[in-house]
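Colleague: Hi! Could you walk me through this one? I have a few quick questions.

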Amino acid sequence: MKNIKINNLSFGYEKDKNILKNINLNLEPGKFYLLSGPTGCGKSTLLKLLANLYPKLAGQVSSGNINRNHSTYAMMFQNPSQQFTMATARDEIIFALENLQKSPPEYEHRLKIATKFAQITHLLDQDISTMSGGEKQRVALAVLIAMDVDYLILDEPFASCDPESRIFLINKLNQLKKKGKTIILSDHNLNDYQKICDEILQYQNNSFVFLSKLEKAKILNQENTQLSLNFSLPSKNDKPTFVLNKTSISQNRLLLNQKSLSIPQEKITLITGANGIGKSSFFKVLTKMNPYSGSIKYQNNEISKLKSRKYLLHVAQVFQNASDQFLKVTVEDEINLSKKLCKNNFFSDKKIQEMLKLLQLDTHLNQVVYSLSGGQQKKLQILLMLLSGHDVLLFDEPLSGLDKNSSKIILQLIKETQKELHQTILIISHQLQEMDKWCDYHLVFANRQLTYVEN
């Protein structure tokens, strides 16, 4: 395995508008590189350049080059759903090996290694479309393991992972590094990298530079803070929005078996739980996408008996994958469509412009939504759903792919809108830092039950 060298590289999506300028990097084999920088700075762009996806698929290199020295490489996208072509994990891994022209006996050997490494035996023959975001990320990683490449290029690979899965996978990557693999990874959460990270590449002035050992240690130690949360329990005086009674939810297996539960009206409730436990499936039931047994009432009316068209004017889900929510071509098109559908006076043109500027989307109005970074897409998606003015909003991982400052801004906007419009909001999130400042209550999903907790 040889070094990958980036020589005076400049790249942009439009002519004469470079977003990356004069990058010079020497990436050595057998090391772990961590990319750090704000949402939308170009981390995903650099990774796609390294993976030789750009400029083949988008943009143009105005100067410089990348010398990969005949090394092999593969990339895991921020949204793993975008790279799957087959129905199941087994088929996806075999398809990748077929493209590498491996023999059928080699399929089984590598499939076994990848499955054991990522611990996805129970997911091998499950339809990928029914998996949680964290489960999809594990499958995507298994595909890369099966390909046995020199350089693993990973874009926010743990954005949808629960804390236990995140630590497990980071330890697995450490094993790969010890075997001589090179790992180049972007992440906004720099926790848990103290023992594995060799170099931090930080975004500075449209480029990426190596931090000194002292700067690296300072950043990683700052991130390693103890999580402390303090929630209150619902009051008996809270009016319910949803009431569950002897409720069961199944998808391939029993996910929820709830004797009773009341979700308060005009409050923000955080929902946490392990990957694949059933959190997103619960949201799909609340939006009539999936069936249930027993009773779930919304405003004293059984959900299954309500007409979908009328019910979904009040209750909406904010999908985990932002691109699933877009209908128009450009950012401005999306905003204009939402303004037409907006039925409250809170979102004046001035207010919308303020929000766009706060989210740093005001300079991207003419940009095609699918060319935005993952974090920019997420910010736009949340803004559009806030403009919808639904009585109930179900946010599925609204902070994935966002830096700390962007996460804080998003939570501020959610809280402000919720108070102004008296909304009921449920938030699924694996990112818990300071969430007790923004959410009223905390539901933990475990052992097929949703239970309120105080920490």
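Colleague: Leaving aside its neighbours within four places in sequence, which residues is serine 407 in contact with?

Modeller: Those are Leu399, Leu402 and Gln431, where contact means heavy atoms within 4.5 Å. A word on the source: this is a predicted model, where local features need pLDDT of at least 70 and side-chain atom pairs count only at pLDDT 80 or more, while totals for chains, interfaces and linings use all residues. Residues are numbered from 1 along each chain as its sequence is written, and side-chain values use heavy atoms, with hydrogens and water left out.

Colleague: Thanks! And is serine 407 buried or exposed?

Modeller: Serine 407 counts as buried because its relative accessibility is 9%. The classes are buried under 20% relative accessible area, exposed over 50% and partly exposed in between, with a 1.4 Å probe and protein chains only. Serine 407 sits in helix H12, residues 404-421; helices are DSSP runs of H or I with at least four residues, strands are E runs of at least two, and both are numbered from the N terminus.

Colleague: Switching to H9, which of its residues are buried?

Modeller: In H9, which spans residues 331-341, they are Val331, Glu334, Ile335 and Ser338. Seen down the helix axis, they fall within an arc of 95°, so they line one face of H9; the arc is that of the directions from the axis to the C-beta atoms.

Colleague: Why would that spacing give a face?

Modeller: An α-helix has 3.6 residues a turn, so residues three or four places apart point the same way.

Colleague: Nice. What covers that side of H9?

Modeller: The cover over the buried residues of H9 includes helix H10 (349-358) and helix H11 (374-388).

Colleague: Now the largest nonpolar core: how many residues does it have?

Modeller: It has 49, and those with the most contacts inside it are Phe32, Leu34, Ile120, Leu152, Leu173, Leu185 and Tyr193. A nonpolar core is a set of buried Ala, Val, Leu, Ile, Met, Phe, Trp, Tyr and Cys residues joined through side-chain atoms within 4.5 Å. Helix H4 (residues 133-147) gives the largest share, nine residues. There is also a second, separate core of 42 residues, with Leu356, Leu380, Leu393 and Ile409 among them.

Colleague: Last one: what do the buried residues of H2 pack against?

Modeller: They pack against helix H3 (104-118) and H4. The buried residues of H2 (residues 89-99) are Ala89, Glu92, Ile93, Ile94, Ala96 and Leu97.
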